[in-house]
Amino acid sequence: MDRFDAMQAFVRVVEAGSFTKAAETLHMSKTSVTQLVQQLEARLRVKLLNRTTRKVNVTADGAAYYDRVVRLLADMDDAETSLSDASTLPRGRLRVDVPSPFASLILMPALPAFYARYPDIQLDMGVSDRMVDLIGENVDCVVRGGELTDQSLMARHVGDLRLGVYAAPDYVARAGAPSHPGDLEDSHHRIVGFRWSRIGKPLPYAMHRGAEQVNVHGKYALAVDDGNAYLAAGLAGMGVLWLPEYMARDAVARGALAPLFEDWTLDAMPMYVAFAPNRHVSAKLRVFIDWIVEVMETHGLAPVRAVRV
């Protein structure tokens, strides 16, 4: 039995809550993971896990052992990365999840520079706008927009996205140009709805002009849960959009979108890199987060306001 592999398998089973999920994230068979944990229990002469047909629960001894093993594995990772030139060139696999428009428009064009600096980091990047279970899916960090509602996560505020309201010229020609945000509540106007993963439905948008504030719900014929699809729907004339400026910039420049309500403002959308509090912040994760901050600054998206985490 490789004790290191066995400890890693045990930690993943505890975090994932099942042998099947742990095996998937470790890229091993369920049988192999089960055998490693059984061998570890035999070596320690203690029961670490209670197994049922539906769920795996950690025992009291297992919970105490888990806390020590997590710290041990983190120390081993630090020891390895401190050797030779690894302290300046972190290496290893990093699992991240980022929103789809942010990936395609901001991160992907900047990745060659990242790999020129950190050639030994392997990125497994999930590209989605869904809610990600960092522990269960063994994800190191996620990049997300909007206020964080999960207070159990650690997070770094990496930027703020300026928002605007836009519509395709085809939509404006068909429905008319709204002169006030409240006009979007009228029966002949439509918005494109964005289904936020944490609540599964669109949220109202708060717009300000001097002392006046309007919360716009609007009516939609289409609601989506992916940023790229949201933009595509607006370009097709499906309704009015609320977009970060970086997403709208190219379409506005070529006349595919027109800004609306330019004398109104919206609160900036905060961007965070979030990670689980019981996860070790490795050298490769630290440099990735620092790089995200650099990229945000390059695009003029650095934090512009204090945000409480």
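This is a predicted model: local features need pLDDT of at least 70, side-chain atom pairs count only at pLDDT 80 or more; totals for chains, interfaces and linings use all residues.
Let's start with strand β3, residues 92-98. Is this strand largely enclosed or open? Count the buried residues: five of the seven. So β3 is largely enclosed by the rest of the structure.

Now, what lies beside the strand? Take β4 to begin with, residues 121-127. Seven bridges join β3 to β4, and the two strands run parallel. To find the pairing on screen, pick G92; its bridge partner in β4 is I121.

How does the chain get from β3 to β4? The path goes through helix α5, residues 100-117. That makes a β-α-β crossover, and its hand is right-handed.

β3 has another partner, strand β5, residues 141-145. Here the pairing is again in the parallel sense, over two bridges. Look for V96: opposite it in β5 stands C141.

Next, the helices. Find α1, residues 3-16, and α3, residues 30-44. Their axes come within 8 Å. They cross at roughly 110°. An angle from 65 to 115 degrees counts as roughly perpendicular, so that is how α1 and α3 lie to each other.

Which residues make the contact? From α1, we have R3, D5, A6, M7, A9, F10 and V13. From α3, the list is V33, L36, V37, L40 and R43. What kinds of residue are these? Nine are nonpolar and three are charged.

Conventions:
Residues are numbered from 1 along each chain as its sequence is written. Side-chain values use heavy atoms; hydrogens and water are left out. Buried means under 20% relative accessible area, exposed over 50%, partly exposed in between (1.4 Å probe, protein chains only). Helices (H or I, at least four residues) and strands (E, at least two) are DSSP runs, numbered from the N terminus. Two strands pair if DSSP finds at least two bridges between them. A crossover is right-handed if, with the strands pointing away from the viewer, the path from the first strand over the helix to the second runs clockwise. Axes are lines fitted to C-alpha atoms, for helices over the stretch in contact, and angles run from 0 to 180 degrees between N-to-C directions. Angles under 35 degrees count as roughly parallel, over 145 as roughly antiparallel, 65 to 115 as roughly perpendicular and the rest as oblique. Contact means heavy atoms within 4.5 Å. Ala, Val, Leu, Ile, Met, Phe, Trp, Tyr, Cys and Pro count as nonpolar, Asp, Glu, Lys and Arg as charged, and the others, Gly among them, as polar.
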